[in-house]
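Hello,

Here is the structure I promised to pass on to you. Please have a look at it, and then read on for what turned up.

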Amino acid sequence: GVACPEPFALTSNETCVIKYPDTIVDLVDPDLPPRSVIYPGPTLTTFPQQTIVGSTALFDLRGFLGSRGSVGL
């Protein structure tokens, strides 16, 4: 018989949130007191994913991702 390595898949998904600073606009009118308007900065959320698919014959990646990844055999 021929020994065949088992296939495996490792995946990792971490949420990435980026909050950009607010924009402050100063309004100056000679007839009115000065004032400022604040425009809130955007919040961008991404969900980057990493997937490794291969064979157990290469090397064991379970320890490589540690608690970040899940193993599907």
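Let me begin with a tyrosine: Tyr20 is partly exposed, at a relative accessible area of 37%. For that scale, buried means under 20% relative accessible area, exposed over 50%, and partly exposed in between (1.4 Å probe, protein chains only). Tyr20 sits in the loop between β2 (16-19) and β3 (23-27). Together with Ile18 and Leu44, Tyr20 makes a nonpolar surface patch of about 260 Å². Patches are made of residues with over 30% relative accessible area and no salt bridge; like charges are joined within 9 Å, and nonpolar side chains (Val, Leu, Ile, Met, Phe, Trp, Tyr) within 5 Å. The areas come from the Shrake-Rupley method with a 1.4 Å probe, and for residues only the protein chains shown count as cover.

Before going further, some housekeeping. This is a predicted model, so local features need pLDDT of at least 70 and side-chain atom pairs count only at pLDDT 80 or more, while totals for chains, interfaces and linings use all residues. Residues are numbered from 1 along each chain as its sequence is written, and side-chain values use heavy atoms, with hydrogens and water left out.

On confidence, the chain has a mean pLDDT (the predictor's confidence in each residue, from 0 to 100) of 77, and 73% of its residues reach 70 or more. Strand β4 (residues 35-39) has the highest mean, 94, and strand β7 (residues 69-72) the lowest, 50. Where pLDDT is low, the predicted coordinates should not be read in detail.

As for the fold, there are 1 helix and 7 strands, in the order β-β-β-β-β-β-α-β along the sequence. These are DSSP runs numbered from the N terminus: helices are H or I with at least four residues, strands E with at least two. Of the 73 residues, 10% count as buried.

How many salt bridges does a search of the whole structure find? It finds 1, between the side chains of Lys19 and Asp22 at 3.5 Å, N to O; the criterion is a side-chain nitrogen of Lys or Arg within 4 Å of a carboxyl oxygen of Asp or Glu. Lys19 is partly exposed at 49%, and Asp22 is partly exposed at 44%.

Finally, Asn13 lies in strand β1 (residues 7-13). Leaving aside neighbours within four places in sequence, Asn13 is in contact (heavy atoms within 4.5 Å) with Phe47, Pro48 and Gln49. Asn13 and Phe47 are 34 residues apart in sequence but 6.5 Å apart in space, C-alpha to C-alpha.

Best wishes
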